[in-house]
Structure formats: C-alpha cells, structure tokens
Amino acid sequence: MARLVIVANRVPNPDEQGNPRAGGLAVALGDVLVPGTIWLGWSGARAAVTSTVPRIVEDRDVTYATIDLGEADYRSYYQGFSNGTLWPLLHMMPGLTTYHREDYIGYRGVNRAFAQALAAMVDADDLIWIHDYQLLTVAAELRALGVQNRIGFFLHIPFAPPEIFEILPPAKEVLRALCANDVIGFQTEGDRTAFLACIKALLEIEPLPDGRFPIDGREVRTIVTPIGIDSEGFSRLAGRAVLRAETRRMTESLVGRALMIGVDRLDYTKGLPGRFGAYERFLASYPQHRRKISYLQIAALSRSDVEHYDELRNELSHKAGDINGAYSDFDWVPLRYMTRTASRTAIAGLYRVARIGLVTPLRDGMNLVAKEYVAAQNPADPGVLILSRFAGAAAEMTEAVLVNPFDVDEVANAIHIALTMSDDERLSRHDALLAKVYSSSAEAYCTSFVAALRDVRGIPAIELRYGGSTIKMRA
Ligand code: F6P
C-alpha cells in the first residue's frame, strides 16, 4: 500500500506529546500520522558533517527518520539562507534580508542530503509531501536522483510578488527547482497569486486561470489549502485546562481585570514592538481602562543565534520595562511579559479566560494562534479576537476585529472596541469565527492536499487512512 512520506525541517519528538517541538505542524498533520507514515527531518543535532543515512525511531507504527546537520551546514542552510534570506524576503521585509552565495550553496547541499536520505526510503507509489521554505529545492534533487513519485510541496509562510522575490539572486533557479513538484500548495489565494506572478515574470510561463502551468513538458498544479487546527480537540483541552490549578492561579491574580493575551515565537515578523507600542498608546489614550486590564505576552525565544533576533529580544525587554515603569501601580502591573515557553494545556486554559486575543503580526503565513484562541473560547461568553489583516488567517477570519499592525492608534482603538463590545456583537462575531475554524480544520487541510497529490498522473489504487475514516483513492 502506498505510504505518505512527510519531509519537514523539524520532526516531532514522539516523547514530547504535550508540547511537540515541530509546533503547529505536528498538530496539523496529526490526522495523517497513521501507521505506515514516514516523517523525515532534521534531528535538531549538530555534528561534524551532515548525515544522509537517517536515524530511525518507530512510534505507534509511524517512522520518524532524522538526519544531523554538520556545523557549517547549520550555519549556511538554517541560519543563513533559510532564516537570514528566505524568511525575511518571503515575509516582504527586504530591508532585513541578507544574502551570501555560500549560504545558498550550503542550502542546496542540505536539500540534496534530505533528498538522498529520502530516495533510499521511498517505494515507487509513495506520496511525498515536502513542507516549507527550508526545503524549496528538495523535489528537484529527488528528480535528479531519478525519483518519479508524486511529490507535493506546501509553503507555510507567505510568497512574495516578483518585485520582491527577484531580489533573491538565484530567484529563477529556486523557482525552477520548486517546479519539480507536481503540486504546490499555499495558505491563501494572495500567496498563490504572488507565486504565479513570479512564474510569469521570471520564468516567462503563462499560468492557466485555474493555477496550473506547463514546464519542461510536465504540468504543475497549484492549490490553496489553508492550514487549520483540531478545533474540537483544542476546545476540549481548553475546557479541561480552565479547571487546572495554573489557570485558576492566573484568574485569581487578575482580581476581576480583563486578560488580554498574545502568544508568539519571538520573531520580528510578529510585530511585537509595534504591539507593545499600541498597548502603551492604549493606556495613554484610554485612561478609563487603566487598572482594568492585564496584558500577558508570551514570546517564546527562537532562533537566538540568527541576526536580528537578539536585538529584538533586547528591544522588547526594554519596552516592557518602560511600559511597566510608566503605568504600574502598587497593586497593578499592566504588562506581564515572558520569554519561556508554556505547555499547550496551560496556553489553552489562558486563551479561554482571556477577554481579548491579540494577534498582530506584520506578515504571517496563517497564524494558528488566532484559530486556537477562537476554538478555546466558552461559546456562551466568548472573548474578542484582534487580528492583523496581514496574517493569512485574516483571509478567512473576517469577523475578527481586523487591524493594520503598523498603525498603533488603530490597534489601541481596537483594544478599546474589544473591551466595550456589546454581548450580542461578541457572540455573533464568535459564532461566525468558530464555524470557520471548524470547517477549515487540520483534517480538511490534510485531506485536500493529499487528494490533490493523489490525483497526479497515472495513479495506482491506494488507500490512506485519516483518523477513523478510510479514504479510497481512485485507480
Ligand atoms: O512557521 C514557520 C517555521 O519556520 C516552521 O517551519 C518551524 O517549525 C517554526 O517556524 C519554528 O521555527 P524554527 O524551526 O526555525 O525554530
């Protein structure tokens, strides 16, 4: 039977069930992690050289295959080209983008190592599903090794329009390599449009209106499959978490004040300095709310050895100190700021008791915090989601209070709107958002991507199981 082979930079550690290291991805792909599935990725370890023979761990009949990265490759592939070049560029922040030719060479080498490890593991009818910007050229390396399987790629972050993408010196080469996939998936229609505009402008290929395009005698299909969450599961988790001691401790410490929560990786795309600035503006412009609100920002440390992340950390510590210095009272601290990670359960409980979910990235592929915040609410007394219009989630979640995160006054005003919103409006916005979070689920994401992949060229009959149900594939 054909298997699904997932390839992503990170691999969930089967021992960390409650707080998987691969973050949202491991949760989103939960439905396809059925017996027989293989997941290949980086072990997280740095060695003398990059390995191409993976280490195998079996857990519940899922095979986790990991390779180590050599120290030099870690610097060029991970710190350099992935997170110093592609990450800011695709988030449309060319000013933060750096490029070094040797980093690109290292990136290509690591993508080749992933392909070599994979080629030795796959059977002819396996479906290969590659994830994210760290692995843009794996499919091309697989084809060069003679792998003819159906290969799909999903980009979790935004795609940039040609005017920005062409800043990348090897832009055409990277695009061509990406086109070795049979199916390329995006979070939003806007990302797909930007990608197709690059295909047209840089490769001079005219895409069809439905998003397919021909290249080298083959056809590539593009699709839009927004990533989602297991809403029912998360909602149950939040319902249970609210009864736990740690959530109760939090509620007691609020002494009746409204909680506003933000949960992010400490990353410059998340717009945290602007968010702190907006909160400061809110405290200054709406003195009637002082002492009645407590803002908790969890900003888990991330990529600390990549340029800009350390500066950001310092900037935020400084700003948090300034806000608390200026506005705290003997018995009230307006901002609680922590850079430690919290467990998924603890966060679910905090979302549920928070009156406002503040999600204001400057640019984001999707942002699952927005979806989790909505799923965690008590439907009889829900909180209000404030969401950046530049998060992929905003394309679907139009009933949130949408803001431009670059405008501190607008965000400050949104906090005021959320705190004073009528019960009817709060309930009706939440009902609409919840329905969307339920329909655009993790299961729908996996099902539609795998269905598109299975539809590629002469397909043998296969079966793939999702959760409890079996999906029969066309012969
Ligand atoms: O969402 C983008 C992403 O890079 C994922 O691919 C990754 O798992 C997550 O952010 C965390 O980043 P990193 O793997 O660099 O710690």
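R265 is partly exposed at 28% relative accessibility. Here buried means under 20% relative accessible area, exposed means over 50%, and partly exposed lies in between, using a 1.4 Å probe and protein chains only. The model is predicted: local features need pLDDT of at least 70, side-chain atom pairs count only at pLDDT 80 or more, and totals for chains, interfaces and linings use all residues. Residues are numbered from 1 along each chain as its sequence is written, and side-chain values use heavy atoms, with hydrogens and water left out.

R265 forms a salt bridge with D267. The closest N and O atoms of this pair are 3.3 Å apart. A salt bridge is a side-chain nitrogen of Lys or Arg within 4 Å of a carboxyl oxygen of Asp or Glu. D267 is buried, with a relative accessible area of 0%. Elsewhere, salt bridges with shared partners tie R108, R112, E141 and E173 into one network.

## Ligand site

R265 also belongs to the shell around the ligand. A residue counts as near a molecule if one of its heavy atoms lies within 4 Å of it. By class, the shell holds 3 nonpolar, 1 polar and 4 charged residues. In this scheme Ala, Val, Leu, Ile, Met, Phe, Trp, Tyr, Cys and Pro are nonpolar, Asp, Glu, Lys and Arg are charged, and the others, Gly among them, are polar.

The ligand alone exposes 380 Å², and the protein buries 75% of that. Accessible areas come from the Shrake-Rupley method with a 1.4 Å probe; for residues, only the protein chains shown count as cover.

## Other salt bridges

The structure holds 32 salt bridges. Side chains of opposite charge can pair when their charged atoms come close. One of the bridges joins R75 to E71, with the closest N and O atoms 3.3 Å apart. Both residues sit in helix α2 (residues 71–90). They are 4 residues apart, so about one helical turn separates them. R75 is partly exposed, with a relative accessible area of 45%. E71 is partly exposed too, at 28%.

R143 and D182 form another bridge, at 3.0 Å from N to O. This pair links distant parts of the chain, 39 residues apart. R143 lies in helix α4 (residues 138–144). D182 lies in the loop between α6 (171–178) and β7 (183–186). Helices (H or I, at least four residues) and strands (E, at least two) are DSSP runs, numbered from the N terminus. R143 is partly exposed at 23% relative accessibility, whereas D182 is buried at 4%.

V263 lies in strand β10 (residues 258–265). Its relative accessible area is 12%, so V263 counts as buried. The C-alpha atoms of V263 and Q297 are separated by 6.0 Å, although the two are 34 residues apart along the chain. V263 touches Q297, I298, I347, Y351 and V369, leaving aside residues up to four places away in sequence. Contact means heavy atoms within 4.5 Å.

D364 sits in the loop between β13 (356–359) and α13 (368–376). D364 is buried, with a relative accessible area of 10%. What does D364 touch, not counting residues up to four places away in sequence? Its contacts are H91, P158, K270, F390, A391 and G392.

## Positive phi in loops

Most residues other than glycine have a negative phi. D216 is not a glycine, yet its phi is positive, about 50°. D216 lies in the loop between β8 (213–215) and β9 (218–224). D216 is exposed, with a relative accessible area of 61%.

V255 also has a positive phi, about 35°, and is not a glycine. Its place is the loop between α9 (245–254) and β10. V255 is exposed, with a relative accessible area of 62%.
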